[in-house]
Amino acid sequence: MNTAIYNTQSKETDYQKGGILLIDKPLEWTSFDVVNRIRGAMARKYDKRLKVGHAGTLDPLATGLLILCTGAFTKQIDEFQNMEKEYQGVFYIGATRPSYDKETEIDETFPVEHITDEMIQEAAKSFLGDIEQIPPAHSAIKVDGKRAYEKARKGIDVKMSPRQVYIKEMEVKRVDANHVSFKVVCSKGTYIRSLARDFGKKLNSGAYLDSLVRTAIGNFRLTQAVSMDEAIALFAVEV
């Protein structure tokens, strides 16, 4: 895909007809928080409610690239969602959390003294290609008609079905005894939180996702994205 034709982030763009916004999602914002803020800004500028949607959820505790589509471009959301994703972040080794990230408290700790640099590299290699992973119960996946996280947050056990995903690249580097930095290029539907959990198991330990940034979707890069303040400014009403 020629991404140049989609690089439409300017005040001259007619977002009523259609355009895309590349947003650097702030920490602790949901993807729908971003959509709702942009939709509200557009409504004030154009004096009517317009179609706005995002092309791939980012968890609240993740930051990075979020693609928003407006107007006619919302018909292309599936196309954007199917693009491969690139992430960078840090795994914490030696503990687990029910949500597989820092949303919940640590529920168990594990030894790390036995883990070597070689083990870390071999563990990463084992995830390359097609793999099966079980999504976190603390996720928006629907189970019996309800979001899984609604039950998980109440302490109700949720049985999540495994899904096949594809890991194209996985690079890891040990930072210290408890932290491993990573870069992952993967298919749609991959849960990096689940990858963190499974990475810990491969090391005969435990792990959770300490931090996460989405750095690319297809050929779209985080370096092309604007902040929320910059995005809102595109729809400022001139007096």
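Buried means under 20% relative accessible area, and exposed means over 50%. The model is predicted.

**Exercise 1. Check the length of helix 1 against its residue count.**

Step 1. Helix 1 covers residues 31–46, which makes 16 residues.

**Exercise 2. Which residues of helix 1 are buried, and what covers them?**

Step 1. List the buried residues: Ser31, Val34, Val35, Ile38, Arg39, Ala41, Met42 and Tyr46.
Step 2. Look down the helix axis. These residues fall within an arc of 165°, so they line one face of helix 1.
Step 3. Turn to the face pointing away from the buried side. Phe32 and Arg44 are exposed there.
Step 4. Find the cover. It includes strand 1 (18–25), strand 2 (52–54), strand 3 (62–71) and helix 6 (228–233).
Step 5. Asp47 follows helix 1 and has a positive phi, near 60°.

**Exercise 3. Is Asp198 buried or exposed?**

Step 1. Locate Asp198 in helix 5, residues 192–202.
Step 2. Its relative accessibility is 14%. The cut-off for buried is under 20%. Asp198 therefore counts as buried.
Step 3. Set aside residues up to four places away in sequence. Asp198 then touches Phe127 and Gln133.

**Exercise 4. Where is the pLDDT below 50?**

Step 1. Start with the chain. Its mean pLDDT is 90, and 94% of residues reach 70 or more.
Step 2. Go to residues 1–5, where the pLDDT is below 50. Beyond near neighbours in sequence, this stretch has 8 contacts in the model.
Step 3. Where pLDDT is low, predicted coordinates should not be read in detail.

Technical notes: Residues are numbered from 1 along each chain as its sequence is written. This is a predicted model: local features need pLDDT of at least 70, side-chain atom pairs count only at pLDDT 80 or more; totals for chains, interfaces and linings use all residues. Side-chain values use heavy atoms; hydrogens and water are left out. Helices (H or I, at least four residues) and strands (E, at least two) are DSSP runs, numbered from the N terminus. The expected span of a helix is 1.5 Å times one less than its number of residues. Buried means under 20% relative accessible area, exposed over 50%, partly exposed in between (1.4 Å probe, protein chains only). The arc is that of the directions from the helix axis to the C-beta atoms. Contact means heavy atoms within 4.5 Å. pLDDT is the predictor's confidence in each residue, from 0 to 100.
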